[in-house]
Amino acid sequence: MDSYVAALEAKLAEATGIKINQMANAASEGAAISEQTDFIKNIVISDGKAQAGIRNPLIAKVLGSIKAETGQDLKYELPKLGYEYGQLEPTICEEIMRIHHSKHHNGYVTNLNAAVEKLAAAERAGDVNAMNQLSEAINFNGGGHINHTIFWTNMAPNGGGLPTGELADQINTDFGSFEAFKKEMCAKSAAVKGSGWGWLGWNKTASKLQVATCQNQDPLEATTGLIPLLGIDVWEHAYYIQYKNLRAQYVEKIFDVFNWNNVAERFAKAKK
Amino acid sequence: MVANLPACVGQKCVGRLSIGSDSPRLSISEAIVFNGGGHINHSIFWTILSPTGGGEPTNDLASQIRLDFGSFEDFKKNMIERSSAVKGSGWGWLGWNRKTSKLEIVTTQNQDPLEATTGLIPLLGIDVWEHAYYIQYKNLRAEYVERIFDIIDWINVA
């Protein structure tokens with residue numbers, strides 16, 4: 001059934017040219033589903049053209065996720081790293097960290113601010129169409145901002161080792177063992193076609209941990225309903241200078257710098 | 001990519017039904033589009049580059065570009081903008097639309113092959129996957145896309 005719904009969502013997005021959130025296989029709750037239902041019902045088709053009648057719920061979801069993570073609203077900022085660019089060596093080299101943070105992440109923040117400014121203007125003018133045309137830019141740049149913000153905190157100079165306590169227990173419950181979890185996380189992250197992210201997420205409705213992947217900068221929670229705990233950036237810019245085409249090797253080595261305290265903190269918060 | 005292609009062609013494959021890969025048939029056709037597309041796209045790409053490339057097209061191709069874009073400069077500007085703006089991984093293409101008898105600039109995601117995806121005939125492609133430029137140009141995709149015009153083999157494109 002899930003793949004049937006996914007097929008419908010994809011075809012609808014293609015046919016209408018509207019950014020329809022792919023919610024099949026999502027751990028989304030009732031409110032998110034009925035919001036999405038309303039959005040789809042309010043798409044007006046006339047003269048072979050489709051136009052969304054109400055604001056795309058994806059916009060609020062993405063901006064809401066950013067606010068929850070960073071406290072930022074309307075004006076977004078590049079977060080400082082908790083460590084120097086060179087401190088994740090030899091796992092991730094200084095050059096990658098510097099360009100990744102100060103150029104790529106910074107670019108998403110700049111473009112997000114520009115998009116949100118246009119959104120505010122469209123809102124003032126009551127122009128639903130103009131607002132919705134910004135869905136893609138907000139999803140992409142907003143996603144880029146939140147994904148990288150989480151990612152920097154998932155790593156630390158004295159990282160690595162194994163998780164402990166409740167997080168370790170939950171991993172054992174949902175994956176069988178840490179090794180089984182690591183194997184799945186590495187395999188799925190490496191297998192992303194094109195650019196994207198691998199995630200360990202918390203499924204609130206099912207009360208379990210899951211490994212999921214997203215394309216491009218699609219933010220995990222807005223896209224799937226899963227709460228992001230730990231991410232691996234598999235865009236080529238995240239590893240190419242150092243690992244070249246050996247994405248699988250990068251994805252395995254990055255476990256050497258994971259900050260399990262941070263992941264455990266996120267897990268504790270997600271479970272509440 | 002070429003290594004992955006024979007493995008899935010060997011099995012019985014159905015045409016692309018949908019996105020979503022919890023069915024083995026769907027993941028096979030996805031793998032074919034991705035790896036087959038990668039093979040076609042790169043095969044074309046290597047031929048449109050040349051050590052003696054650069055300059056501008058001439059004759060029929062040049063005329064058609066002027067007709068459909070106004071000028072070579074306008075075409076180049078458009079091609080650079082569209083290719084640089086691809087979200088994530090993908091390609092920028094100059095393609096031929098047989099139905100309208102016009103040149104068009106189009107972008108595709110990941111390794112989606114131009115003709116199978118859009119019906120346009122690929123004439124010139126620019127790979128904007130980060131692996132195509134990152135070691136040298138780092139994050140400066142727009143610079144790479146502009147510079148690559150220095151080695152385009154217009155004879156092949158023509």
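**View 1. B:His42 is a buried residue of chain B.** B:His42 has a relative accessible area of 13%, so this residue counts as buried, the cut-off being under 20%. The model shown here and in the views below is predicted. B:His42 belongs to helix 2 of chain B, which covers residues 24–47. A polar atom of the B:His42 side chain lies 2.7 Å from the backbone oxygen of B:Gly38.

**View 2. Three residues of chain B carry a "binding site" annotation in UniProt.** They are B:His42, B:Asp127 and B:His131, and the annotation comes from an unreviewed entry. Along the sequence they span 90 residues. Yet no two of their C-alpha atoms are more than 12.5 Å apart, so the three gather at one spot. The side chains of B:Asp127 and B:His131 are joined by a polar contact of 3.4 Å.

**View 3. B:His131 sits in a loop of chain B.** The loop runs between strand 3 (121–127) and helix 6 (134–137). Leaving out residues up to four places away in sequence, B:His131 touches B:His42 in chain B, and A:Glu236 and A:Tyr240 in chain A.

**View 4. A UniProt domain covers residues 57–157 of chain B.** The unreviewed entry names this feature "domain: Manganese/iron superoxide dismutase C-terminal". The span is 44% helix and 23% strand. Its end C-alpha atoms lie 8 Å apart.

**View 5. A:His237 is a buried loop residue of chain A.** The loop lies between strand 5 (227–233) and helix 10 (240–243). The relative accessible area of A:His237 is 1%. Which residues does A:His237 touch, not counting those up to four places away in sequence? From chain A come A:Ile96, A:His100, A:His104, A:Tyr108 and A:His148. From chain B come B:Glu130 and B:Tyr134.

**View 6. A:Tyr108 is a buried residue in helix 4 of chain A.** Helix 4 takes in residues 94–124. A:Tyr108 has a relative accessible area of 7%. Apart from neighbours within four places in sequence, A:Tyr108 is in contact with residues including A:Phe140, A:Asn141, A:Gly144, A:His148, A:Trp235 and A:His237. The side chains of A:Tyr108 and A:Gln217 form a polar contact of 3.0 Å. A:Thr164 is 56 residues from A:Tyr108 in sequence, and their C-alpha atoms are 34 Å apart.

**View 7. Helix 7 packs against helix 8 in chain A.** Helix 7 holds residues 165–175, and helix 8 holds residues 178–190. Their axes are 8 Å apart, at an angle of about 70 degrees. That makes helix 7 roughly perpendicular to helix 8. Helix 7 brings A:Ile171, A:Asn172 and A:Phe175 to the contact. Helix 8 brings A:Phe178, A:Ala180, A:Phe181 and A:Glu184. By class, the contact has 5 nonpolar, 1 polar and 1 charged residues.

**View 8. A:Asn132 is a buried residue in helix 5 of chain A.** Helix 5 covers residues 128–133. The relative accessibility of A:Asn132 is 12%. Setting aside residues up to four places away in sequence, A:Asn132 touches A:Phe39, A:Ala52, A:Ile54, A:Arg55, A:Asn56 and A:Ile59. A:Asn154 is 22 residues away from A:Asn132 along the chain, with 32 Å between their C-alpha atoms.

How values were computed: Residues numbered from 1 in each chain as written. Chains lettered and ligands numbered in written order. Predicted model: local features only at pLDDT ≥ 70, side-chain atom pairs only at ≥ 80, totals over all residues. Heavy atoms only, no water. UniProt positions renumbered as here; feature names shortened; annotations may be inferred. Helix = DSSP H or I, 4+ residues; strand = E, 2+ residues; numbered from the N terminus. Buried < 20%, exposed > 50% of the residue type's maximum accessible area, 1.4 Å probe, protein only. Polar contact = N/O pair within 3.5 Å; in protein donor to acceptor, adjacent residues only side chain to side chain. Contact = heavy atoms within 4.5 Å. Axes fitted to C-alpha atoms, helices over the stretch in contact; angles between N-to-C directions. Parallel < 35°, antiparallel > 145°, perpendicular 65-115°, else oblique. Nonpolar A, V, L, I, M, F, W, Y, C, P; charged D, E, K, R; others polar.
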